[in-house]
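This briefing goes through the fold, the sheet, the core and the surface in turn. Please keep the structure in view while reading.

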Amino acid sequence: EPAPPLPGGFILGETVYFIGSIKPFFGVEGEVIGPGTHSSVVGKGVDVALKNNGPLGCLCEQLAREPPLPGGFKAGETVY
C-alpha cells in the first residue's frame with residue numbers, strides 16, 4: 001500500500017530551500033526525507049535534511065521549491 005501524500009504536496013527526495021525565520025538556515029538547500037515527526041510539524045510539514053546540517057522539521061510555509069532572492073524579495077514584487 002502506498003504511503004499517504006506528504007503535506008504541501010512535497011515528494012520524498014525533492015529539493016527545497018528553507019525560508020523560515022531561523023537566519024543561519026535561510027536559503028539553505030535541503031532534501032525532503034519524510035513527513036514531519038516533531039510534534040510542532042506533524043501533519044503540517046515535512047522533515048528536511050539541510051546541507052551541512054542535520055534533519056529539521058519544517059512547516060510547509062517555511063519551505064520553497066526555488067531558491068529565495070537576496071534581501072527576501074519575491075519575484076514580481078514592486079519595490080521602491
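The protein has five strands and zero helices, and its pattern along the sequence reads β-β-β-β-β. The model is a predicted one. Its C-alpha trace spans about 50 × 25 × 20 Å along the principal axes.

**Overall figures**
- Of the 80 residues of the protein, 32% count as buried.
- The accessible surface comes to about 5500 Å², and carbon and sulfur atoms account for 59% of that area.
- Among contacts between residues at least 6 apart in sequence, 36% join residues at least 24 apart.

**The sheet**
- The five strands form an open sheet in the order β4-β3-β2-β1-β5, and the pairing is antiparallel.
- β4 and β5 (63-64) stand at the edges with a single partner strand each, so one side of each has no neighbour in the sheet.
- Pairing in a sheet runs through backbone hydrogen bonds, in a parallel or an antiparallel sense.
- Two bridges link β1 and β5 in the antiparallel sense.
- Tyr17 stands opposite Ala64, a residue of β5.

**The nonpolar core**
- The largest nonpolar core has 14 residues, and the members that touch the most others are Phe10, Phe18, Val46, Val48, Leu50 and Leu63.
- At least two residues of this core come from each of β1 (15-18), β3 (45-50) and β4 (55-59).
- β3 gives the largest share of the core, three residues.
- Beyond its neighbours within four places in sequence, Leu50 is in contact with Phe18, Phe25, Val28, Glu29, Gly30 and Leu56.

**Gly57**
- Gly57 has its place in strand β4.
- The relative accessible area of Gly57 is 30%, and Gly57 is therefore partly exposed, since buried requires under 20% and exposed over 50%.
- Leaving aside neighbours within four places in sequence, the contacts of Gly57 are Val41, Val46, Asp47 and Gln62.
- Gly57 and Val28 lie 29 residues apart along the chain, and 14 Å separates their C-alpha atoms.

**A nonpolar surface patch**
- Leu69, Phe73 and Val79 make a nonpolar surface patch of about 280 Å².
- Leu69 belongs to the segment after β5.
- With a relative accessibility of 41%, Leu69 counts as partly exposed.

Technical notes: Residues numbered from 1 in each chain as written. Predicted model: local features only at pLDDT ≥ 70, side-chain atom pairs only at ≥ 80, totals over all residues. Heavy atoms only, no water. Core = buried A, V, L, I, M, F, W, Y, C linked by side-chain atoms within 4.5 Å. Buried < 20%, exposed > 50% of the residue type's maximum accessible area, 1.4 Å probe, protein only. Helix = DSSP H or I, 4+ residues; strand = E, 2+ residues; numbered from the N terminus. Contact = heavy atoms within 4.5 Å. Pairing = 2+ DSSP bridges. Patch = residues over 30% accessible without salt bridge, like charges linked within 9 Å, V, L, I, M, F, W, Y side chains within 5 Å. Areas by Shrake-Rupley, 256 points an atom, 1.4 Å probe, with all protein chains shown as cover. Salt bridge = Lys/Arg side-chain N within 4 Å of Asp/Glu carboxyl O.
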